[in-house]
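Please look over the sequence and the model before reading on.

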2 protein chains.
Amino acid sequence: MKNYSKQREAIITVLRDMKTHPTANAVYEKVREIIPNISLGTVYRNLAALRESGDILAISIGDGFDHFDGDKKPHIHLHCRECKEITDLYMTEDPAGEFATSQGFVPDTSVYIVSGICKDCISKQENQI
Amino acid sequence: MKNYSKQREAIITVLRDMKTHPTANAVYEKVREIIPNISLGTVYRNLAALRESGDILAISIGDGFDHFDGDKKPHIHLHCRECKEITDLYMTEDPAGEFATSQGFVPDTSVYIVSGICKDCISKQENQI
DNA sequence: AATAAAAACAGTAATGATTACTGATTTTGA
DNA sequence: TCAAAATCAGTAATCATTACTGTTTTTATT
């Protein structure tokens with residue numbers, strides 16, 4: 001087999017357990033709790049490889065960092081333009097993936113990002129009137 | 001009114017007309033045909049502002065560049081891991097946006113990226129057997 | 001159409017997230 | 001057990017993007 005190292009194993013574990021959408025640096029900080037002398041370059045290299053192979057997702061919301069996600073169950077990333085939070089919203093199916101399949105494309109990962117204003121920020125705006 | 005300049009106008013026009021998913025630099029090259037002495041910084045500044053305001057989309061596929069898209073009609077970006085092409089697949093509705101709405105989120109833009117292997121690359125693989 | 005404040009610009013310098021490099025270590029497959 | 005292949009830690013380099021500065025354009029008001 002190829003592609004094994006305890007560093008990669010730890011990175012995957014950390015990503016599967018984190019419910020946030022950490023940056024490469026946040027993953028690095030977390031993995032150091034398991035492997036204290038892991039290198040930041042190793043984290044970047046493995047995140048890039050895992051993304052390329054479709055084992056993890058990467059999402060971009062315009063804050064200058066890539067955010068990573070170890071959860072491949074179909075879900076939407078609700079990105080609030082106000083508070084900048086990313087919240088997960090789970091779907092029972094993957095509509096885009098299924099539509100892609102029907103067109104002859106063979107999908108393996110789907111990234112959904114819906115930007116707008118979240119429930120909480122709408123309440124706050126209404127209270128200000 | 002605010003936010004007007006002929007540079008921004010030209011950037012929007014170029015993005016609406018391009019059917020590809022250009023990088024900031026590709027937008028810059030194209031806009032220079034209209035405004036030869038426009039600055040690359042101006043292109044970046046406007047692309048960031050237009051993205052922030054939800055007037056254009058940005059998509060990230062892991063090649064180190066942000067790609068921009070002036071088309072807000074609901075569509076999926078089919079990203080082939082083999083040939084790296086991004087193809088548009090139009091939907092009649094925006095399933096994730098509608099689902100988000102039903103949960104109290106107020107959406108304004110949706111980005112869909114489905115990664116996998118495109119029709120053409122599958123044919124090529126089959127021919128190789 | 002004159003004017004002043006605000007916004008945006010061109011051009012350039014700086015930043016910093018990410019990638020590349022090198023010699024050491026780990027993993028793999030026989 | 002051993003050698004080739006892969007990965008690593010640590011560090012240096014890259015380069016897409018952002019910030020800065022003095023100038024020009026736009027806006028809003030008279």
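Two residues are in contact when they have heavy atoms within 4.5 Å of each other. By that definition, 39 residues of chain B are in contact with 39 residues of chain A. The model is predicted.

**Symmetry**

- Chain B is superposed on chain A by a rotation of 180° with 0.0 Å of shift along the axis, and the RMSD is 0.0 Å.
- The two copies are therefore related as by a two-fold rotation axis.
- In chain B, the C-alpha nearest the axis belongs to B:Y112, at 2.4 Å from it.
- Both copies use the same surface, as 100% of the contact residues of chain B recur in chain A.

**Interface area**

- The size of an interface is often given as the accessible area lost when the parts come together.
- Between them, chain B and chain A bury about 3,000 Å².
- Carbon and sulfur atoms account for 59% of that area.
- Of the area that chain B buries against chain A, 20% comes from B:R51, B:R81 and B:F105, more than from any other three residues.

**Salt bridges**

- Over all chains, the structure holds ten salt bridges.
- Four salt bridges are found across the interface of chain B and chain A.
- One salt bridge joins the side chains of B:D108 and A:R81, with an N to O distance of 2.8 Å.
- Another salt bridge joins the side chains of A:K84 and B:E52, with an N to O distance of 3.4 Å.
- This second pair crosses between chains: A:K84 is in the loop between β3 (75-80) and β4 (86-90) of chain A, while B:E52 is in helix α3 (residues 40-52) of chain B.

**Enclosed space**

- The count of cavities of 30 Å³ or more comes to one.
- The largest cavity holds about 40 Å³ of space.
- From chain A, the lining of the largest cavity includes A:A58, A:I59, A:S60, A:V111 and A:I113.
- From chain B, the lining includes B:A58, B:I59, B:S60, B:V111 and B:I113.
- At least two lining residues come from each of four strands: β1 (57-60) and β5 (106-117) of chain A, and β1 (57-60) and β5 (106-117) of chain B.
- Eight residues of the lining are nonpolar, two are polar and none is charged.

Technical notes: Residues are numbered from 1 along each chain as its sequence is written. Chains are lettered from A and ligands numbered from 1 in the order in which they are written. This is a predicted model: local features need pLDDT of at least 70, side-chain atom pairs count only at pLDDT 80 or more; totals for chains, interfaces and linings use all residues. Side-chain values use heavy atoms; hydrogens and water are left out. On a 1 Å grid over the protein atoms alone, a cavity is a set of points where a 1.4 Å probe fits but cannot get out, and a pocket is an open set with protein on both sides within 12 Å along at least five of seven lines; lining residues have an atom within 4 Å of a point. Grid points are joined across faces, edges and corners, and a volume is the space filled by probe spheres set on the points. Ala, Val, Leu, Ile, Met, Phe, Trp, Tyr, Cys and Pro count as nonpolar, Asp, Glu, Lys and Arg as charged, and the others, Gly among them, as polar. Copies are superposed by least squares on the C-alpha atoms of residues with pLDDT of at least 70 in both. Buried area is the accessible area (1.4 Å probe) that two parts lose on being put together, summed over both.
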